[in-house]
Amino acid sequence: MKNELRSEKVLLLDFGSQYTQLIARRVRELGVYSEIRAWNINPEEIIELNPTAIILSGGPESVAQGNSAPSVAPSVLTMGIPVLGICYGMQTIAAQMGGAVQNSDRREFGYAQVKVKHASALLMEVSDHIDESGAAVLDVWMSHGDNVSSMPEGFVCIASTESCPIAGMADHKRNLYGIQFHPEVTHTTQGSEIFKQFLFRISGCNPSWTAMAIIDDQIARVRSRVGNNNVLLGLSGGVDSSVVAALLHRAIGDQLTCVFVDNGLLRKDEGVSVMEMFAKNMGVKVIRVDAAEKFLNRLRNVTDPEMKRKLIGNTFIEVFEQQSAKIKDVKFLAQGTIYPDVIESAASNTGKAHVIKSHHNVGGLPEDMQLELVEPLRELFKDEVRKIGMKLGLPLDMVYRHPFPGPGLGVRIIGEVRKEYTDLLREADALFIEELRAHGWYEKTSQAFCVFLPVKSVGVVGDARRYAWVIGLRAVETTDFMTARWARLPYDLLERVSSRIINEIPEISRVTYDISSKPPSTIEWE
């Protein structure tokens, strides 16, 4: 199953585009496995990877800057593998093969309409509109300042706009294609159809990358790596660790021991729900460890968010290793690390990402850790993880539960973490989620939570003055958690949440709502 699952592989060469991960997701959604590598990958490694097709991403650089512009190895365009260049990817194909790219006087950023100009396997039977001349027209998303001004020999123009005469080009004989617009974003309404044409009509891929195939593949990988050894898993109750628990339990049964650590930074009643689900209903071995005092003592007087994350990560590992000493033949530590965690911690294979924040399960592990890591979800996006969870039989409300950060409330309390703050935040967060569910907004938002702000604000209760803490509400909508838009919650709902928090928690006097999107902000505050 391992070889079959990855027999159809798309290699995505990254030029630093903000949309690179989205391209990979679009390919996988269509059932084809994809891997991301840096644009300057060694040609020998490409041969070893043996991709069925190659996609060149967009990027922030300018091909017009000459020899200093990033470019793929010449062999990428001559090895006979179908290639699709997107935005910068199209421009570098043109420049490297003898065409020309120039800075445009009219830049295009945002919605545009592209007219299909020439019969092409890439755009065959793909359209949003038909114009008066009978030509197909596509609604697309543009984001470029340079244009291909002349095509290399052998290429024909397949699409254009008023300000971009060569918005698409193709060399059908060599299966080389380029498009100036971005098919990976939802604003390009026929983007999925364009990818289908490239993957199936042009490249001959077969859709084998499915949830069940991934499960079978990972079970085989885990069994091969773990052997007869035992595995510890830090079970938080969140989507990622829950899916890992179900997957590993199916793969190795009683060789898995889950350690549920009550670190004092969990949501309200988290311990009860976790033990109910896994220990009672699924028959998974779960050890519950009360380590709240240890974590809170370690975090005393610590205000830097990166330091908090690393302290929490180190303390987790310490607790796990203490538990492993009590269990025979424990060699591995399992984690629910997923692809966005790796990317944000600048640990992806491309090496292009800047450190935004370390994740306790990626950048916060001690170098002298004794256990080896098992991370079966490391290459998967959140939507893929959820599909796997459903196939493994986890309940819908758990699989589609909002994400909860590994450091827990430790990064939802700004500055120093104190028990007083965690208790207040837990209660406020529970009220917020309760009201979202009651008004049908929990499923409409991708992630929602409260943030504790360590400042006090004056309030009035009856005729009395109240000087108490401030809570921030955060709710976002997203599909991949790489980008996110703040949720447009109804004013009546926000008023209801604010009223309940202030009236039911006397230590809180004010509630605010965060209307920042990602980017430029991150979803979590720390």
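Analyst: pLDDT is the predictor's confidence in each residue, from 0 to 100. The protein chain has a mean pLDDT of 88, and 92% of its residues reach 70 or more. This is a predicted model, in which local features need pLDDT of at least 70 and side-chain atom pairs count only at 80 or more, while totals for chains, interfaces and linings use all residues. Residues are numbered from 1 along each chain as its sequence is written, and side-chain values use heavy atoms, leaving out hydrogens and water.

User: Where in the protein chain is confidence lowest, and where is it highest?

Analyst: The lowest mean, 58, belongs to helix 1 (residues 2-5), and the highest, 98, to strand 3 (residues 53-56). Over residues 346-360 the pLDDT is below 50, although this stretch has 46 contacts in the model beyond near neighbours in sequence; a contact means heavy atoms within 4.5 Å. Where pLDDT is low, the predicted coordinates should not be read in detail.

User: How many helices and strands are there in the protein chain, and what makes it as compact as a globular protein of its length?

Analyst: There are 15 helices and 19 strands, taken as DSSP runs numbered from the N terminus (helices H or I, at least four residues; strands E, at least two). The globule rule is 2.2 Å times the number of residues to the power 0.38, and the radius of gyration is taken over C-alpha atoms. For 526 residues the rule gives 24 Å, and the radius of gyration of the protein chain is 26 Å, which is close, so the chain is as compact as a globular protein of that length.

User: Why is Arg-221 called partly exposed?

Analyst: Buried means under 20% relative accessible area and exposed over 50%, with partly exposed in between (1.4 Å probe, protein chains only). Arg-221 has 31% relative accessibility, so it counts as partly exposed. The residue is found in helix 6 (residues 211-226). Its C-alpha atom is separated by 13 Å from that of Leu-373, 152 residues apart along the chain.

User: How do you know that helix 12 is largely enclosed by the rest of the structure?

Analyst: Seven of the ten residues of helix 12 (residues 382-391) are buried, so the helix is largely enclosed. Those buried are Lys-382, Asp-383, Glu-384, Val-385, Arg-386, Ile-388 and Gly-389. They pack against helix 2 (20-29), helix 6, helix 7 (239-252) and helix 13 (396-399). Gly-393, whose phi is positive, near 90 degrees, follows helix 12.

User: How many of the residues in the protein chain as a whole are buried?

Analyst: Buried residues make up 60% of the 526.
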